[in-house]
Amino acid sequence: MHGEVTAIHLARDSGGTVEPAESADAVAERGLRGDRYFRDQGTFDDRSGSDLTLIEAEALSAVEDDYGVSIGAGEHRRNVTTEGVALNHLVGQRFAVGGAVCVGEELCEPCAYLEDLLDEAGVREALVHRGGLRARIVESGTIATGDAVETASV
């Protein structure tokens, strides 16, 4: 399995503005340096395995096609947007994102918090089973746009 990082987004504070980044330091058992979860300030901080969250660009396109719901860059509040990799298949798997090695912990199912934050009815329903992946970072490394997402040789 081989995909690519198409975008990286960080939010310094819980509920705060999400900012794009060209790269980020992924720190094992912590998260992305500069993101709210790195500093234990995320909404779901008490949930194990939220070091890194990922979402498929293809899922965002499908949400718009199937539900007419447009979710702008970073509005999904996931750290990494990918292309060409089936994230749901990575639950329980080790995989590399750029220089970091992760383990897929669970699907990142949508919640009422995201729908309320976006103030867009239907977001939660549209993202069911395609809201991305929560992952634990097990080996630190840098993640940059254009980097590979792969399970091989990990």
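The model is predicted, and the legends below describe an overview followed by close-up views.

**Figure 1. Overview of the chain and its secondary structure elements.** The chain contains three helices and 11 strands. Read from the N terminus, the elements follow the order β-β-β-β-β-α-β-β-β-α-α-β-β-β. Of the 154 residues in the chain, 45% are buried. Among contacts with a separation of 6 or more, 76% are between residues 24 or more positions apart.

**Figure 2. Strand β1 and the strands paired with it.** Strand β1 covers residues 2-11. Seven of its 10 residues are buried, so β1 is largely enclosed by the rest of the structure. β1 runs antiparallel to β11 (residues 148-150), and three bridges join the two strands. In this pairing Glu4 is opposite Ala148 of β11. β1 is also antiparallel to β6, with four bridges between them; Ile8 of this pair has Val80 in β6 as its bridge partner. Four bridges likewise connect β1 with β2 (residues 18-21), again in antiparallel fashion.

**Figure 3. The hairpin of β1 and β2.** β1 and β2 form a hairpin, and six residues lie between the two strands. The turn includes Gly15, whose phi is positive at about 80°. Ala11 has Val18 in β2 as its bridge partner. Val18 is also one of the residues touched by His9.

Figure 4. Is His9 buried or exposed? His9 has a relative accessible area of 7%, which means that it is buried, the cut-off being under 20%. His9 is located in strand β1. Leaving aside residues up to four places away in sequence, His9 touches Val18, Glu19, Pro20, Asp35, Ala73, Gly74, His76, Arg78 and Asn79. One of these, His76, is in contact with Ile71 as well.

**Figure 5. Ile71 in the loop between α1 and β6.** The loop that holds Ile71 runs between α1 (57-67) and β6 (80-83). Ile71 counts as buried because its relative accessibility is 12%. With residues up to four places away in sequence set aside, which residues does Ile71 touch? The contacts of Ile71 are Leu60, Val63, His76, Val123 and Leu127. Val123 is 52 residues from Ile71 in sequence, while the C-alpha to C-alpha distance between them is 8.4 Å.

Figure 6. The phi of Arg77 is positive, near 65°, although the residue is not glycine. Arg77 counts as buried because its relative accessibility is 11%. Glu29 is likewise not a glycine and has a positive phi, of about 60°. Glu29 lies in the loop between β3 (23-27) and β4 (31-32). Is Glu29 buried or partly exposed? Its relative accessibility is 48%, so Glu29 counts as partly exposed.

**Figure 7. The open sheet of β4, β3 and β10.** In which order do the three strands of this open sheet stand? The order is β4-β3-β10, and the pairing is antiparallel. β4 and β10 (141-144) are the edge strands, each pairing on one side only. Two bridges connect β3 with β4, and these strands run antiparallel. Ala26 is opposite Leu32 in β4. The loop between β3 and β4 is where Glu29 is found.

Figure 8. How many disulfides does the structure hold? The count is zero. A disulfide is a covalent bond between the sulfur atoms of two cysteines. Cys102 is buried, as its relative accessible area is 0%. Cys108, with a relative accessible area of 2%, is buried too.

Definitions and conventions:
Residues numbered from 1 in each chain as written. Predicted model: local features only at pLDDT ≥ 70, side-chain atom pairs only at ≥ 80, totals over all residues. Heavy atoms only, no water. Buried < 20%, exposed > 50% of the residue type's maximum accessible area, 1.4 Å probe, protein only. Contact = heavy atoms within 4.5 Å. Pairing = 2+ DSSP bridges. Disulfide = S-S within 2.5 Å.
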